[in-house]
Amino acid sequence: MEGKAGPAPEVSVRVVRLGSSRQPGEGLRIGTVRRPPRGIRKAEFASRNYFDVWFPDLAPTAATIARLKSGGDRAWTAFVRRYRSEMARPGPSRLLDLLAALSRSADFSVGCYCEDETRCHRSVLAQLLRERGAHFARG
């Protein structure tokens with residue numbers, strides 16, 4: 001006799017600052033940065049709260065990051081436009097689709113080192129994942 005299935009477990013993706021304390025239920029931490037943390041041994045990336053998996057394929061290119069050097073709203077707008085263009089390419093686009101799909105069945109987090117999330121690619125990455133239907137943690 002088949003039992004009645006209960007509600008699906010609540011799973012989601014979180015957007016975090018790499019190196020910050022992990023939150024309960026955060027799951028696997030994915031570093032979407034071009035370079036691993038300096039001065040930290042690879043074996044310590046996870047234990048020091050940087051990331052469990054390094055995923056530079058979703059980081060902005062050096063040329064795109066250079067657009068932020070001048071600062072200001074115009075530079076940020078140019079950065080966002082260029083980063084979105086990079087993420088629209090077939091490889092990154094498929095990776096975003098994969099992460100959005102995984103957010104429906106597993107807890108994980110994506111992140112970067114930047115202190116200010118509002119001027120960091122991770123805020124744009126979160127938008128891109130939302131556009132693909134990713135489930136995000138509340139709060």
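Predicted model: local features only at pLDDT ≥ 70, side-chain atom pairs only at ≥ 80, totals over all residues.
Ala137 counts as partly exposed at 24% relative accessibility, where buried means under 20% relative accessible area, exposed means over 50%, and partly exposed lies in between, with a 1.4 Å probe and protein chains only. Ala137 is found in the segment after H4, and, residues up to four places away in sequence not being counted, Ala137 touches Ser12, Val13 and Arg14, contact meaning heavy atoms within 4.5 Å. Ala137 and Gly27 are 110 residues apart in sequence, while their C-alpha atoms are 11 Å apart in space.

Residues are numbered from 1 along each chain as its sequence is written, and side-chain values use heavy atoms, with hydrogens and water left out.

The protein chain has four helices and four strands, these being DSSP runs numbered from the N terminus, with helices (H or I) of at least four residues and strands (E) of at least two. From the N terminus on, the order of the elements is β-β-β-α-α-α-β-α. Along its principal axes the C-alpha trace spans about 65 × 35 × 30 Å, and buried residues make up 37% of the 139 residues. Of the contacts between residues at least 6 apart in sequence, 67% join residues at least 24 apart. The accessible surface of the chain comes to about 8,500 Å², with 52% of it belonging to carbon and sulfur atoms; such areas come from the Shrake-Rupley method with a 1.4 Å probe, and for residues only the protein chains shown count as cover.

From the chain as a whole we turn to H4, the helix that precedes the segment of Ala137. H4 is mostly covered, eight of its 11 residues being buried, namely His121, Arg122, Ser123, Val124, Leu125, Ala126, Leu128 and Leu129. The cover over these buried residues includes strand S1 (13-17), H2, H3 and S4. H4 is followed by Gly133, which has a positive phi near 85 degrees.

Two packed helices are described by the angle between their axes and the distance between the axes. For helix H3 (residues 90-102) and helix H4 (residues 121-131), the axes come within 9 Å and cross at roughly 70 degrees; the axes are lines fitted to C-alpha atoms, for helices over the stretch in contact, and the angles run from 0 to 180 degrees between N-to-C directions. H3 and H4 are therefore roughly perpendicular to each other, a description that applies to angles of 65 to 115 degrees, while those under 35 count as roughly parallel, those over 145 as roughly antiparallel and the rest as oblique. On the H3 side Leu96, Leu99 and Ala100 meet Leu125, Leu128 and Leu129 of H4. The residues of this contact divide into six nonpolar, no polar and no charged, where Ala, Val, Leu, Ile, Met, Phe, Trp, Tyr, Cys and Pro count as nonpolar, Asp, Glu, Lys and Arg as charged, and the others, Gly among them, as polar.

The largest nonpolar core has 22 residues, and those with the most contacts inside it are Leu58, Tyr83, Leu96, Leu99, Val110, Leu125 and Leu129; a nonpolar core is a set of buried Ala, Val, Leu, Ile, Met, Phe, Trp, Tyr and Cys residues joined through side-chain atoms within 4.5 Å. Helix H2 (72-87), H3, strand S4 (108-112) and H4 each supply at least two residues of this core. Apart from it lies another core, of nine residues, among them Val33, Phe45, Tyr50 and Phe51. Returning to Val110, and not counting residues up to four places away in sequence, Val110 touches Arg14, Val15, Val16, Ile30, Thr32, Leu99, Leu125 and Leu129.

Pro37, in the loop between S2 and S3, is buried at 10% relative accessibility. Leaving aside neighbours within four places in sequence, Pro37 is in contact with Phe45, Tyr50, Phe51 and Tyr113. Asn49 lies in the loop between strand S2 (28-31) and strand S3 (53-54), and its phi, near 65 degrees, is a positive value in a residue other than glycine.

Finally, Phe79 in helix H2 counts as buried at 2% relative accessibility, and Thr64 in helix H1 (residues 62-66) is buried with a relative accessible area of 0%. Among the contacts of Phe79 beyond four places in sequence are Thr64 and His121.
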